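Let's take a walk through this one, from charged pairs to pockets to aromatic rings. Keep the viewer open as you read.

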Amino acid sequence: MNVPPFSQPSGQALHHLIERALASAGGWMGFDRFMAMALYAPGLGYYSRQSHLIGSDPAQSDFVTAPTLGPWFGHTLAHPVREALAHTGTDTVWEFGAGTGALALQLLERLGDAVQRYTIIELSGALRQRQQDTLRAWAHKVQWLSEWPDALDGVVVGNEVIDAMPVQLLQRSQGVWHERGVVAAAQGSAQAWQWQDRACAQRPPVDIEGNHDYLTEIHPQAEAFVRSLAERLQRSPRQGVVILLDYGFPESEYYHPQRHMGTVMCHRDHRADSNPLAEVGFKDITAHVNFTGLALAAQDAGLQVLGYTSQAHYLLNCGILPLLQDAASDQRNLALKLVHEHEMGELFKVLVLGHGPAWTPMGFDNGDRTHAL
């Protein structure tokens with residue numbers, strides 16, 4: 001018999017935690033707070049409780065990321081990371097949200113002496129343990145932090161980090177904008193939580209054409225993350241480079257009038273659904289990234305936007321194809337998902353930011369889309 005997640009011990013504890021938070025908030029909380037608790041509540045949230053989230057086997061994981069398709073993603077990314085280390089005169093790499101540790105392993109394998117210290121900032125104890133197991137052979141170079149340092153230099157890497165940051169939901173109904181929040185469901189409901197909208201003064205960053213009902217997200221936490229990066233990079237006398245890879249759009253596409261259902265999605269057992277109020281704590285919750293918002297936040301905080309393009313263009317410009325020449329055909333086909341337009345190649349984008357004078361890093365020779373931000 002399948003037991004509903006909220007009736008399992010860990011699900012019950014998270015349910016009670018959210019229940020108490022709702023009560024203290026007067027019975028309603030914004031979706032961003034709900035998403036944060038569902039994903040990151042210490043010992044109970046999705047990321048803090050589980051370590052085997054990422055992989056290609058649906059029986060043992062919920063979703064796949066680029067580094068888990070084979071070594072080619074990280075081995076290709078090592079080329080622009082090496083160049084950035086040389087340009088900044090540093091030997092330090094920082095990775096936020098390192099997942100299984102696969103990307104760190106791939107970068108360390110290729111960077112050699114170019115990197116002397118690899119620091120992972122990871123909030124999840126379960127994922128940190130998995131990363132330590134993966135990176136055991138590199139223990140002399142790798143360290144873990146659970147909090148931001150006061151200053152950063154070198155190269156910062158974030159692969160699929162921004163999409164898991166909590167978002168606020170805005171809903172336009174009959175021409176009036178509301179913030180969408182969460183309340184306790186009526187007794188006898190099949191799930192514990194339900195939506196409730198409240199009129200608000202917040203708006204998307206651009207006007208949405210038309211009068212039709214429209215659901216979307218705004219990303220204050222992601223933009224605050226970029227501003228925090230900028231602040232710490234500027235505290236160092238040396239230069240720094242930030243490479244962010246994630247799925248999303250520029251603002252003009254993100255807030256297109258036809259994208260009226262928002263982008264929030266959930267993943268469990270390699271199946272996707274759009275209901276974050278079910279199976280809370282037992283599945284991933286994500287939203288696409290507004291790359292224009294990140295770029296503007298970076299510029300406002302004093303960073304340079306050095307390039308923006310699709311993952312396909314970036315990896316091809318950085319030399320992924322020569323790395324695949326000797327790969328077996330089945331492995332080559334798997335790796336090409338990284339650049340195929342209908343796989344990861346077009347949906348995923350790359351934004352590179354810099355502290356210091358502007359320069360043109362590797363990866364943007366062809367297909368730079370900075371003008372589209």
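What follows goes through salt bridges, then pockets, then rings.

A word on conventions: this is a predicted model, where local features need pLDDT of at least 70, side-chain atom pairs count only at pLDDT 80 or more, and totals for chains, interfaces and linings use all residues. Residues are numbered from 1 along each chain as its sequence is written, and side-chain values use heavy atoms, with hydrogens and water left out.

Start with the charges. Side chains of opposite charge can pair when their charged atoms come close. With a salt bridge taken as a side-chain nitrogen of Lys or Arg within 4 Å of a carboxyl oxygen of Asp or Glu, the count is nine. One of them joins Arg238 to Asp153, at 3.3 Å from N to O. That pair links distant parts of the chain, 85 residues apart: Arg238 is in the loop between helix H7 (220-233) and strand E10 (240-249), and Asp153 is in the loop between strand E4 (142-145) and strand E5 (154-159). (Helices, H or I with at least four residues, and strands, E with at least two, are DSSP runs numbered from the N terminus.) For accessibility, buried means under 20% relative accessible area, exposed over 50%, and partly exposed in between, using a 1.4 Å probe and protein chains only. Arg238 has 36%, so it counts as partly exposed, while Asp153 is buried at 13%.

Next comes Arg369, whose salt bridge with Glu346 has its closest N and O atoms 2.8 Å apart. Arg369 lies in the segment after strand E16 (348-355) and Glu346 in the loop between helix H13 (341-345) and E16, so parts 23 residues apart in sequence are tied together. Both ends are partly exposed, Arg369 at 21% and Glu346 at 28%. There is also a network of salt bridges linking Arg268, Asp273, Glu279 and Lys283.

Now for the open space. A pocket here is an open set of points, on a 1 Å grid over the protein atoms alone, with protein on both sides within 12 Å along at least five of seven lines; a 1.4 Å probe is used, and lining residues have an atom within 4 Å of a point. The volume is the space filled by probe spheres set on the points, which are joined across faces, edges and corners. The largest pocket holds about 1200 Å³. Its lining has 50 residues, with Tyr47, Glu160, Val161, Asp163 and Ala164 closest to the centre. Elements giving two or more residues to that lining include helix H2 (31-40), helix H3 (46-49) and H7. The second largest pocket has about 200 Å³ and 13 lining residues.

Finally, the rings. Rings of Phe, Tyr and Trp (its six-membered ring) pair if their centres lie within 6.5 Å, with planes under 30 degrees apart called stacked, over 60 edge-to-face and the rest tilted. The structure holds 13 such pairs. Phe34 and Trp193 have ring centres 6.3 Å apart and planes at 70°, so they are edge-to-face. Phe34 sits in helix H2 and Trp193 in strand E8 (residues 193-199), so this pair ties together parts 159 residues apart in sequence. Phe34 is buried at 0%, and Trp193 is buried at 4%. These two also belong to one aromatic cluster with Phe31 and Trp195.
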